[in-house]
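Dear colleague,

Please find below the structure that I am handing over to you. My findings follow directly after it.

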Amino acid sequence: MKKVSKAKIAITYAEALLEAAQDTKSLKKVFADVQILRNVLAVNNDFVAYMTNPLWPETDKNKVLGDVAKKMKLSADMVNFLNVLQENRRLIDLTAILDEFVHLYYKTNNIVEVEVGSAKKLSASQDKKLVTVLEKLLAKKVAVSYNVNPDLIGGLRICMGSEMFDDTVASKLNRLEIMMKGEE
């Protein structure tokens, strides 16, 4: 039997979820559900550990899955999708599948994903100004994810696909150090 990579599995399931949501015209609701699940899993991954534990009976897992979906007010499409993952024993790949779904959603809706690194959290006005500048520069809507890294000292590191703009103080100091070593 041919082994399939986890990335391929994530892409396959994410595409299936996207197509199902488009067919039922519930793409925005499913995207909202995906964001909720991603946020919960980022904080606590015990749910996936429990649901993939072979010692727990399937009936218990199905009940927990239903209870969690009800409590989180997930759409019928998302509940069906989670049930399929449970039946196919693919909940272990849930985080990767959800991440891939977000990428596909953005691509489908012509939204550019931008990753911004900064030394501290940007204020609401700085965030709004940055998004406005990026959308004007790219002539597309953007979805910005932020990474706070105090080692950057100051400035911003902006990544869009394979392109990167690094205007951090740490980067400038690094370039200065290289220039000074070259002059010795």
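Helix α1 (residues 6-23) packs against helix α2 (residues 27-43) at an angle of about 140 degrees, and their axes are 8 Å apart. Please bear in mind that this is a predicted model. The angle makes α1 oblique to α2, given that a pair counts as roughly antiparallel over 145 degrees. On the α1 side, the contact is formed by L17, L18, A21 and Q22, which meet L27, V30 and V34 in α2. By class, 6 residues of this contact are nonpolar and 1 is polar, while no charged residues take part.

Helix α1 also packs against helix α5 (residues 76-87); the two axes come within 11 Å and cross at roughly 150 degrees. The two helices are therefore roughly antiparallel to each other. The crossing of α1 past α5 is right-handed. Here Y13, L17, A20 and A21 of α1 meet D77, M78, F81, V84 and L85 of α5. This contact comprises 8 nonpolar residues and 1 charged residue, with no polar ones. L17 and A21 are listed in the contact with α2 and again in the contact with α5.

I now turn to the sheet. The model contains an open sheet of 4 strands in the order β2-β1-β3-β4, with mixed pairing. Strands β2 and β4 (163-166) stand at the edges, each with a single partner strand, so one side of each has no neighbour in the sheet. On average, neighbouring strands are turned by 20 degrees against each other, direction ignored.

In general, strands of a sheet pair through backbone hydrogen bonds, in either a parallel or an antiparallel manner. Strand β1 (residues 111-118) runs parallel to strand β2 (residues 141-148), and 8 bridges join the two. Within this pair, V114 stands opposite V144 of β2. With strand β3 (residues 156-160), by contrast, β1 pairs in the antiparallel sense over 4 bridges. There, V116 has I158 of β3 as its bridge partner.

Which helix forms a β-α-β unit with β1 and β2? Helix α7 (residues 124-138) does so, and the unit is right-handed. This helix lies across β1, β2 and β3, running at about 135 degrees to β2.

In short, α1 packs against α2 and crosses α5, while α7 lies across β1, β2 and β3.

Yours sincerely

How values were computed
Residues numbered from 1 in each chain as written. Predicted model: local features only at pLDDT ≥ 70, side-chain atom pairs only at ≥ 80, totals over all residues. Heavy atoms only, no water. Pairing = 2+ DSSP bridges. Right-handed = clockwise from strand over helix to strand, strands pointing away. Axes fitted to C-alpha atoms, helices over the stretch in contact; angles between N-to-C directions. Parallel < 35°, antiparallel > 145°, perpendicular 65-115°, else oblique. Left-handed = near helix turned anticlockwise from the far one by under 90°. Contact = heavy atoms within 4.5 Å. Nonpolar A, V, L, I, M, F, W, Y, C, P; charged D, E, K, R; others polar.
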